[in-house]
Amino acid sequence: MAATMRAVLMDGFGGSEVLRLGQTPRPSPGPGQVLIQVAATSVNRADLQQRSGNYPPPPGESEILGLEVAGVIADLGEGVTGWRKGDRVMTLVGGGGYAEYALAPASTLLPVPEGLDLTRAAAIAEVWITAYLNVFREAGLQPGETLLVHGGASGVGTAAIQLAKALGPSPVIVTVGSEDKASACRALGADHAILYKAEDFSQRVLEITGKRGANVILDHIGARYLEPNLACLALYGRLVIIGLLGGPKAELNIGRLMVKRQHIIGSVLRARPVEEKAEITAAFRAQVLPRFASGELSPVIHAVLPLEQARQAHELMAANANTGKLVLQVDPSLR
């Protein structure tokens with residue numbers, strides 16, 4: 001096995017121009033880890049933030065971009081049981097996905113269901129676990145409760161729509177930037193799609209729900225949406241903030257929060273300890289993964305690009321041009 005591997009490297013921080021394909025040392029698995037020969041990885045919004053210098057990897061993780069991979073196990077570290085070389089797997093990684101080989105804790109591995117190719121599998125781990133974790137485990141969405149998803153056509157958004165319908169069912173409202181994205185979300189099961197550029201989403205949510213508001217809101221905007229989110233959050237509602245595209249600081253009407261008994265939940269996935277990720281992954285494996293095998297759930301993929309076109313994939317995401325995931329194919333021979 002070669003001592004080096006192809007990977008997308010960065011020449012400093014900045015725009016997509018800092019990305020380049022190069023050679024870097026191939027990692028070796030430590031205790032409890034596996035080395036995965038990567039078939040494909042996916043682009044996530046966090047990758048753009050890391051590229052810009054605003055989202056460093058957790059201590060000890062690879063500086064290479066990429067938070068999820070699908071591929072086959074190439075090597076096992078000391079103490080790993082239950083897995084063999086050649087097993088098809090998909091998993092979260094703390095970094096290192098944009099490469100031919102990546103390290104992952106064995107405890108967070110998921111088997112790729114039969115009938116699902118590795119390219120499609122690369123579009124599952126990060127966004128589907130994020131949606132499952134935050135909508136159901138953090139916010140506790142119950143059947144029949146209304147879910148509002150901002151960025152409904154994003155990877156997390158398309159996953160959250162399907163999960164709310166499969167594990168609920170629950171009414172789903174989404175915000176989107178175009179009618180094409182609205183149609184795509186409705187096709188996935190969204191009951192209402194609000195064009196946030198043309199409509200006041202908070203007012204529309206209240207109209208749709210008969211002034212009750214949404215029981216759970218999944219938000220990646222942060223500060224800019226805090227006030228309108230709380231205005232359309234129901235009594236005992238839960239707002240889960242998973243991103244800060246609209247800034248980190250905002251004023252809060254604590255009185256209304258108290259009177260309506262609302263909850264604001266801040267959540268990240270990447271920085272959680274491996275043990276916590278393993279527990280979340282195990283729950284996802286038990287409750288959600290079989291639904292991919294049956295075809296009830298399916299990742300939404302906007303485009304599959306070769307690894308050397310990582311720059312173009314970042315530009316598509318920065319322009320909000322994608323509906324669903326942008327997948328980078330690393331080794332087309334792996335199925």
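**View 1. Contacts of Asn134 in the predicted model.** Beyond residues up to four places away in sequence, Asn134 touches Ala139, Leu218, Val240, Ile242 and Ser267, where contact means heavy atoms within 4.5 Å. Asn134 belongs to helix α3, residues 125–138; helices (H or I, at least four residues) and strands (E, at least two) are DSSP runs numbered from the N terminus. With a relative accessible area of 2%, Asn134 is buried (under 20%; exposed is over 50%, and partly exposed lies in between, with a 1.4 Å probe and protein chains only). The model is predicted, with local features requiring pLDDT of at least 70 and side-chain atom pairs pLDDT 80 or more, whereas totals for chains, interfaces and linings use all residues. Residues are numbered from 1 along each chain as its sequence is written, and side-chain values use heavy atoms, without hydrogens and water.

**View 2. The largest nonpolar core.** A nonpolar core is a set of buried Ala, Val, Leu, Ile, Met, Phe, Trp, Tyr and Cys residues joined through side-chain atoms within 4.5 Å. Among the 57 residues of the largest one, Trp128, Leu163, Val174 and Phe284 touch the most other members. Helix α3 gives the most to this core, with 9 residues. Apart from this core lies another, of 37 residues, including Val8, Val89, Ala102 and Ala303.

**View 3. Surroundings of Leu163.** Not counting residues up to four places away in sequence, Leu163 touches Trp128, Ala131, Tyr132, Phe136, Gly168, Val288 and Leu297.

**View 4. Setting of Leu252.** Leu252 occupies the loop between β12 (233–241) and α8 (254–259). Its relative accessible area is 35%, so Leu252 is partly exposed.
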